[in-house]
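Please walk me through the way the parts of this structure pack together. A plain account in a few paragraphs will do.

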Amino acid sequence: MKKFLLILALVSAAHAQRLTPTQLAHLQVQATHALHVDTPLPPLAPHIYGTLDATPDITVTRVTYATQYGMRVPAIVYAPKHPHGKLPAIIVVCGHGGDKSSWYAVYTGMLYASAGAVVVTYDPAGEFERSVIRASESNEHDKLIPGLTQTERVGGLMIEDAQQAVRYAASLPQVDRNRIAVVGYSMGSFHALIAAALAGPQLPRIRALVLSGGGNLDGANEYWDSNPKPNCQSGPYKVLDFFPGGADNRGPILYAMRAQSGPTLVLNGTEDSLITKFNEQEPFFEKLRPRIAAITGSQTNLPETLWFAGAGHRPSWMTRPAAVWLHQQLHFPNWTEAQIESFPTIRAADWSAQTGVRISHGYQVEIKEGGVPALDLHLPGLTREQLTVVPEAEWRANPAPYTLDGWTPHALAAQNASH
């Protein structure tokens, strides 16, 4: 079987076109324009709304910063209260129904701030403070917008949001710009990979990329191309059909672009029926790696994979092996690898029950997010009120800069101007 897969991989790689760094850079620019991501990215213009002590060792900052069309992104930033030198940073890109109040965003912030990192979590377009009803799990970004035929613009906004989060983390004086990681879950894995792939000179280097519940950027009429979410997934993917080799070569080329900056780790469950179908488990990546290498002419930074037996759709970067990998890339100042190996674990569902921090509806079950064996440092949670950045009265007086509804007139005007 392995011999057969190797033959398939070699045949596939033989059809891949070698692309020089200059050619890849040109494709980055084209893809950025196709997704309507700003070039240059807008000034961040951060506004801090206050801080609180989550623990005696962790400080939480409430902040907004700019994104496309002058919109504002509400974010929560976790940081060690007593830093030792320059710190690594981690940006969390949420999946469907996720935002900065999701258990995995809060837990990631608390866990890796304990390790000595700065962690930026933010609301995706259409969720929590970026929802017209200030709701979580609203999935407003999935709803077709009347008159918006360029559906890829919504995904482009979400990719730009991820890039702005990276720039904001890099702008913090305590952060080492050479030790930045991005972690993305499900839909967020898609946006995180494209954001990293298109990270040109206007972005600091993304040292490490972790994709969980995804990473399987497949071909024409397959999952990412044909799923019923044209705004945030299939639309942005289809608009990249112009890549050399067409629709089937989008994934390898995006990974080839990413490989120029750093390594990628893909974390998936063997029973993930939502995205990583049976025919897209490890054999998929065994065929993908030679195709990437054929494009780059190098074996460097090909995607690594880690499979969790019996697990379903989950964000798994809080687990022991993921923490070890991140430590090897970022060098957490407060942890050693031996310490990581010695930490106990706690089920996400148990931590959620103890703290009241929400797991998305339907994902509390063992096979999905509820069963994540997260490193256990006896971390507290934060309330929704503590995770709200913009005071409600201020938000209600002018919600447009935050919400997808407020973004829509700008996108429609830009679309009409482009015709």
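**Helix packing and the sheet**

In this predicted model, helix α4 (residues 152-171) and helix α5 (residues 187-197) have axes that come within 9 Å and cross at roughly 70°. Angles of 65 to 115 degrees count as roughly perpendicular, and α4 and α5 are therefore roughly perpendicular to each other. The crossing in which α4 passes α5 is right-handed.

On the α4 side, the residues that take part are Gly155, Met158, Ile159, Ala162 and Gln163. They meet Met187, His191, Ile194 and Ala195 in α5. Sorted by type, the residues of this contact of α4 with α5 comprise six nonpolar and three polar, with no charged ones.

The strands come next. Nine of them form an open sheet with mixed pairing, and their order is β1-β2-β3-β5-β4-β6-β7-β8-β9. The edges are held by β1 (47-55) and β9 (304-308); each has a single partner strand, so one side of each is left without a neighbour in the sheet. On average, neighbouring strands of this sheet are turned by 20° against each other, direction ignored.

Within the sheet, strand β4 (residues 87-93) and strand β5 (residues 118-122) run parallel and are joined by four bridges. Ala89 stands opposite Val118 in β5. Helix α3 (residues 103-114) packs on the sheet, where α3 touches β1, β2 (58-66), β3 (72-80), β4, β5 and β6 (175-185). The direction of α3 makes about 35° with that of β3.

How values were computed:
Residues are numbered from 1 along each chain as its sequence is written. This is a predicted model: local features need pLDDT of at least 70, side-chain atom pairs count only at pLDDT 80 or more; totals for chains, interfaces and linings use all residues. Side-chain values use heavy atoms; hydrogens and water are left out. Axes are lines fitted to C-alpha atoms, for helices over the stretch in contact, and angles run from 0 to 180 degrees between N-to-C directions. Helices (H or I, at least four residues) and strands (E, at least two) are DSSP runs, numbered from the N terminus. Angles under 35 degrees count as roughly parallel, over 145 as roughly antiparallel, 65 to 115 as roughly perpendicular and the rest as oblique. A crossing is left-handed if the near helix is turned anticlockwise from the far one by less than a right angle, and right-handed if clockwise. Contact means heavy atoms within 4.5 Å. Ala, Val, Leu, Ile, Met, Phe, Trp, Tyr, Cys and Pro count as nonpolar, Asp, Glu, Lys and Arg as charged, and the others, Gly among them, as polar. Two strands pair if DSSP finds at least two bridges between them.
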